[in-house]
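Colleague: I would like to learn how to read a few features of a model. Could we start with the terms and then go to the case?

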Amino acid sequence: MPTIEGTLSATGLRFAIVASRFNGLIVEPLIAGAMDAIVRSGGDAANVTLVRCPGAWELPQVARKVVDRGGIDALIVLGAVIRGATPHFDYVAGEAAKGIAQVAMSTDVSVSFGVLTTDTIEQALERAGTKAGNKGFDAALAAIELATLTRALAGGPAPSASSAKKPRSK
Ligand code: INI
């Protein structure tokens with residue numbers, strides 16, 4: 001059956017990572033995980049721009065500005081919202097998710113969502129490179145797949161991991 005899909009090759013792709021400083025203990029390993037995924041997928045660290053903002057609530061407005069600035073194929077949005085004793089969590093997490101989705105729907109840039117929303121710091125740590133993996137790594141893989149899918153849907157070449165390594169035929 002005809003199938004159009006992306007690949008996990010980051011070769012030639014240009015990225016931005018927008019990351020919040022709040023809960024830096026969690027967000028810094030998410031950034032490291034995203035970089036690890038990009039480089040291990042054939043991407044170039046020199047083609048990744050890191051943009052930092054204060055907290056998760058600010059992520060959508062900064063994502064919007066980064067997309068409008070141009071020059072990127074994919075945007076990875078990283079943050080960590082951890083529930084406290086007040087309803088603040090719900091406002092911050094809700095606005096971050098809604099705003100990032102709005103940016104994603106309004107641009108051809110591939111946008112992935114790597115914002116943790118957890119009840120406890122322990123749950124967040126589990127998802128930042130310990131027993132539940134690294135959601136920054138996962139968000140970067142999603143961005144790579146989406147960017148290559150976007151190229152494939154537009155009829156352009158979708159670079160594949162295998163084609164990058166194939167020896168040239170003589
Ligand atoms: N920002 C976060 O990124 N994570 C949180 O858990 C959080 N909590 O719980 O308060 C948080 N708040 C700050 C918010 O994102 C804004 O930076 C702040 O309200 C200033 O606009």
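Modeller: Helices and strands here are DSSP runs, numbered from the N terminus. This is a predicted model. Strand S1 covers 15–20, and Asn23 lies in the loop between S1 and H1.

Colleague: What is the phi of Asn23, which is not a glycine?

Modeller: The general idea comes before the case. Most residues other than glycine have a negative phi. Asn23 has a positive phi of about 55°.

Colleague: Which residues surround the ligand?

Modeller: Asn23 is one of them, and the others include Phe22, Trp57, Glu58, Ile82 and His88.

Colleague: Which polar atoms lie by an oxygen atom of the ligand, from side chain or backbone?

Modeller: A polar contact needs a pair of N or O atoms within 3.5 Å. A polar side-chain atom of Asn23 is 3.3 Å from a ligand oxygen, and one of His88 is 3.4 Å from a ligand oxygen. For Ile82, a polar backbone atom lies 3.0 Å from an oxygen atom of the ligand. On its own the ligand has 460 Å² of accessible area, of which the protein covers 74%.

Colleague: Where does Leu25 lie, and is Leu25 buried or exposed?

Modeller: Leu25 lies in helix H1, residues 24–40. Its relative accessibility is 62%, and therefore Leu25 counts as exposed. Together with Ile121 and Leu125, Leu25 makes a nonpolar surface patch of about 290 Å².

Definitions and conventions: Residues numbered from 1 in each chain as written. Predicted model: local features only at pLDDT ≥ 70, side-chain atom pairs only at ≥ 80, totals over all residues. Heavy atoms only, no water. Patch = residues over 30% accessible without salt bridge, like charges linked within 9 Å, V, L, I, M, F, W, Y side chains within 5 Å. Areas by Shrake-Rupley, 256 points an atom, 1.4 Å probe, with all protein chains shown as cover. Salt bridge = Lys/Arg side-chain N within 4 Å of Asp/Glu carboxyl O. Helix = DSSP H or I, 4+ residues; strand = E, 2+ residues; numbered from the N terminus. Buried < 20%, exposed > 50% of the residue type's maximum accessible area, 1.4 Å probe, protein only. Near = heavy atom within 4 Å. Polar contact = N/O pair within 3.5 Å; in protein donor to acceptor, adjacent residues only side chain to side chain.
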